[in-house]
Amino acid sequence: DGRFKVGFFAAAEYENRRKGIALLPAVCAAMAGRGIPIQVVVTGIGWERTLAKPEFRSLPITAITVPSYFDMPDAYSPLDAYLCLSRVEGGPMPVFEALASGVPVVSTRVGMILDLLAPDSMYRSIPFDDPAAAAEQLARLRERPEEARALCDRAGTVLESRLSLETYQRDLARFYGQAVGLADVPASGVSPKEQNRLRHRWRAWDRTYWAKELWSAGRKKQACRFMLEAFLMDPLCEGIWRVPARALGWKQDETTGFGSLDP
């Protein structure tokens, strides 16, 4: 639709000035002042209440629900940029995920960004609590697409070596192997077929979690869709059968998620 799409993925439910959510109205106003039509895409818990506040009601913000970590590439793919306004972070993982997905980032210098990314070489750096600077850098990414691609390329090389799933698995196995006294930690023997099965089980479980959250929020149609998707991915998913299993007195089986009736 021609709007500049900016991602901002954070749980609004736990906001206490940490994520910078309160700065979004000023960022949107600054972009409008530059004549740039913008759409902010948010995801996470608690956005329904946040977007109902008077200062947020008329903003071009769209809330989406991403049911699983493995569905995150679909959330990043439509974005033109990603914005992080945080004051305190452990990661922030969405910044790294966005860059790995080819989405340029505007961010405060926070968390592991200081250890992994070079400011203004791998992402556009902004001060804390400065929506005008955020709008300026977002506009720069829009006006200089070649520069935006170069940021992602340079950051992607670093993130591939430091934060890839293969690196994480190898380092985790080495850490626990050394903790129990193993001199040589063998490589994982999990086959690609088994990895795919486990991924489906994980995605199914995540969908049942969001189905319950959405049902509680009154979004019952979407909740039913997620529960159906979970069943199609893994018919034996514990998240589907936990309530009826408890009602019927079924024993839980660690392999399938549920098992036979108690005698």
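This is a predicted model: local features need pLDDT of at least 70, side-chain atom pairs count only at pLDDT 80 or more; totals for chains, interfaces and linings use all residues.

If we leave aside the neighbours within four places in sequence, Thr 50 is in contact with Ala 12, Ile 21 and Phe 56. Thr 50 has its place in helix 2, and it counts as buried, because its relative accessibility is 6%, where buried means under 20%.

Which residues of helix 1 are buried? In that helix, which runs over residues 24–33, they are Leu 24, Pro 25, Val 27, Cys 28 and Met 31. These residues cover an arc of only 165° around the axis, so they lie on the same side of helix 1. Just after helix 1, you will find Gly 35 with a positive phi of about 75°.

Just after helix 8, Gly 181 takes a positive phi, here of about 90°. As for the surface, Leu 165, Tyr 168, Leu 172, Phe 175 and Tyr 176 make a nonpolar patch of about 570 Å². Tyr 176, which is found in helix 8, has a relative accessible area of 51% and is therefore exposed, the cut-off for that term being over 50%.

Now to the charged pairs. Side chains of opposite charge can pair when their charged atoms come close. How many salt bridges does a search of the whole structure find? The search finds 16 of them, and I will pick out a few.

In one of them, the side chains of Arg 17 and Asp 129 meet at 3.7 Å, N to O. This pair links distant parts of the chain, 112 residues apart, with Arg 17 in the loop between strand 1 and helix 1 and Asp 129 in the loop between strand 6 (124–126) and helix 6. Arg 17 counts as exposed at 55% relative accessibility, whereas Asp 129, at 37%, is partly exposed.

Another salt bridge joins the side chains of Lys 19 and Glu 89 at 2.7 Å, N to O. Here the partners are 70 residues apart, Lys 19 being in the loop between strand 1 and helix 1, and Glu 89 in the loop between strand 4 and helix 4 (93–100). Are these two residues buried or exposed? Both Lys 19 and Glu 89 are buried.

My last pair is Glu 194 with Arg 197, whose side chains form a salt bridge at 2.9 Å, N to O. Because they stand three residues apart in helix 9 (residues 192–216), about one helical turn separates them. Glu 194 is partly exposed at 28% relative accessibility, and Arg 197 is partly exposed as well, at 39%. Finally, salt bridges that share partners join Asp 71, Arg 203, Arg 207, Arg 225 and Glu 229 into one network.

Conventions. Residues are numbered from 1 along each chain as its sequence is written. Side-chain values use heavy atoms; hydrogens and water are left out. Buried means under 20% relative accessible area, exposed over 50%, partly exposed in between (1.4 Å probe, protein chains only). Helices (H or I, at least four residues) and strands (E, at least two) are DSSP runs, numbered from the N terminus. The arc is that of the directions from the helix axis to the C-beta atoms. Contact means heavy atoms within 4.5 Å. Patches are made of residues with over 30% relative accessible area and no salt bridge: like charges are joined within 9 Å, nonpolar side chains (Val, Leu, Ile, Met, Phe, Trp, Tyr) within 5 Å. Accessible areas come from the Shrake-Rupley method with a 1.4 Å probe; for residues, only the protein chains shown count as cover. A salt bridge is a side-chain nitrogen of Lys or Arg within 4 Å of a carboxyl oxygen of Asp or Glu.
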